[in-house]
Amino acid sequence: MYLKRIEINGFKSFASRTELDFLPGVTAVVGPNGSGKSNISDAVRWVLGEQSAKSLRGAKMEDVIFAGSISEHRKQFAEVTLVLDNESGTVALPYQEINVTRRVTRNGDSDYFLNKKPCRLKDVLDLFMDTGLSRDAFAIIGQGRVEQVISGKPEERRSVIEEAAGVLKYRNRKKQAERK
Ligand code: ATP
Ligand code: MG
């Protein structure tokens, strides 16, 4: 599985619809300070269900919506779509390509879509759990995260290893079953 394309519209500094295509292998994003490089990885984590505005470097979730500039009005919504190549079948859906979309509006509406069909946040989380792509997984390593893993509590380190090994899904299911 790999990230084929990301479509960003009204998210942070991406005022209008922007498409970035990625090929398999290594891609480097370069640009001056403040040009929006980190906003791309924020967008990826956001689609995958990041709920913490702080970890997206904002104060509230509305801060992910383009706030306006000298030349452009602020936007009313932010929408990001990840297009994942699933020819390897890593994600348990019978599609060779998987689209995940998240959209929020200034009035607080928040929606998720899987291949254009409305779904719940839980569906997105379940789908990517144990693929390495989930919100807190090792696929996205932000600044400071390496140190956090190295110097973190044993339980925190264990959860990173468990996600990599693919056992987190079962642990969460067990927890849910015990709650019922
Ligand atoms: P660096 O090289 O310093 O890490 P970067 O390329 O990673 O920079 P980002 O942090 O991705 O830069 O982008 C920061 C820019 O995004 C800032 O100019 C900030 O004003 C802009 N930005 C963030 N949120 C919004 C928003 N909601 N609306 C408009 N612009 C925003
Ligand atoms: Mg940055």
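I started with S3 and S4, which pair in the antiparallel sense over nine bridges. For pairing I go by DSSP, which has to find at least two bridges between two strands. Elements are DSSP runs too, numbered from the N terminus: helices are H or I with at least four residues, strands are E with at least two. One pair I looked up here is Phe 77, whose bridge partner in S4 is Thr 105.

Ground rules before I go on. This is a predicted model, so-called local features need pLDDT of at least 70 and side-chain atom pairs count only at pLDDT 80 or more, while totals for chains, interfaces and linings use all residues. Residues are numbered from 1 along each chain as its sequence is written, and chains are lettered from A and ligands numbered from 1 in the order in which they are written.

**Entry: the whole chain**

I counted five helices and six strands in the protein chain. Read from the N terminus, the elements go β-β-α-β-β-β-β-α-α-α-α. Its C-alpha atoms fill a box of roughly 50 × 40 × 40 Å along the principal axes.

My cut-offs are 20 or more other C-beta atoms within 10 Å for buried, 12 or fewer for exposed, and partly exposed in between, with C-beta atoms placed from the backbone. Of the contacts between residues at least 6 apart in sequence, 53% join residues at least 24 apart. A contact here puts two C-beta atoms, placed from the backbone, within 7 Å.

**Entry: the sheet**

I traced the six strands as an open sheet in the order S2-S1-S3-S4-S5-S6, with antiparallel pairing. S2 (18-21) and S6 (117-119) are the edge strands, each with a single partner, so one side of each has no neighbour in the sheet. On average, neighbouring strands are turned by 20° against each other, direction ignored. Axes for such angles are lines fitted to C-alpha atoms, for helices over the stretch in contact, and angles run from 0 to 180 degrees between N-to-C directions.

Next I looked at S4 (residues 97-105) and S5 (residues 110-114), an antiparallel pair with five bridges. Arg 102 has Tyr 112 as its bridge partner in S5.

**Entry: helices on the sheet**

Helix H1 (residues 37-47) packs on the sheet and touches S1 (2-9), S2, S3 (77-85) and S4, with its direction at about 85° to that of S3. Helix H2 (residues 121-128) also packs on the sheet; H2 touches S4, S5 and S6 and makes about 45° with the direction of S5.

Which residues of H1 are buried? I find Asp 42, Ala 43, Arg 45, Trp 46 and Val 47. Their cover includes S1, S3 and S4. Just after H1, Gly 49 takes a positive phi of about 105°.

**Entry: turns and loops**

Back at S4 and S5, I noted that they form a hairpin with four residues between them, and Gly 108 in the turn has a positive phi of about 95°.

Arg 57 has a positive phi of about 65°; Arg 57 sits in the loop between H1 and S3 and is partly exposed, with 13 other C-beta atoms within 10 Å. Asn 115 has a positive phi near 45°; Asn 115 lies in the loop between S5 and S6 and counts as exposed, with 12 C-beta neighbours inside 10 Å.

Ser 55 is in the loop between H1 and S3. I get 14 C-beta neighbours inside 10 Å, so Ser 55 is partly exposed. Its C-alpha atom is separated by 33 Å from that of Pro 94, 39 residues apart along the chain.

**Entry: ligand 1**

I listed 14 residues around ligand 1, of which Asn 33, Lys 37, Ser 38, Asn 39 and Ala 67 come nearest. To be near, a residue needs its C-beta atom, placed from the backbone, within 6 Å of the molecule or strand. The shell has three nonpolar, eight polar and three charged residues. I count Ala, Val, Leu, Ile, Met, Phe, Trp, Tyr, Cys and Pro as nonpolar, Asp, Glu, Lys and Arg as charged, and the others, Gly among them, as polar.
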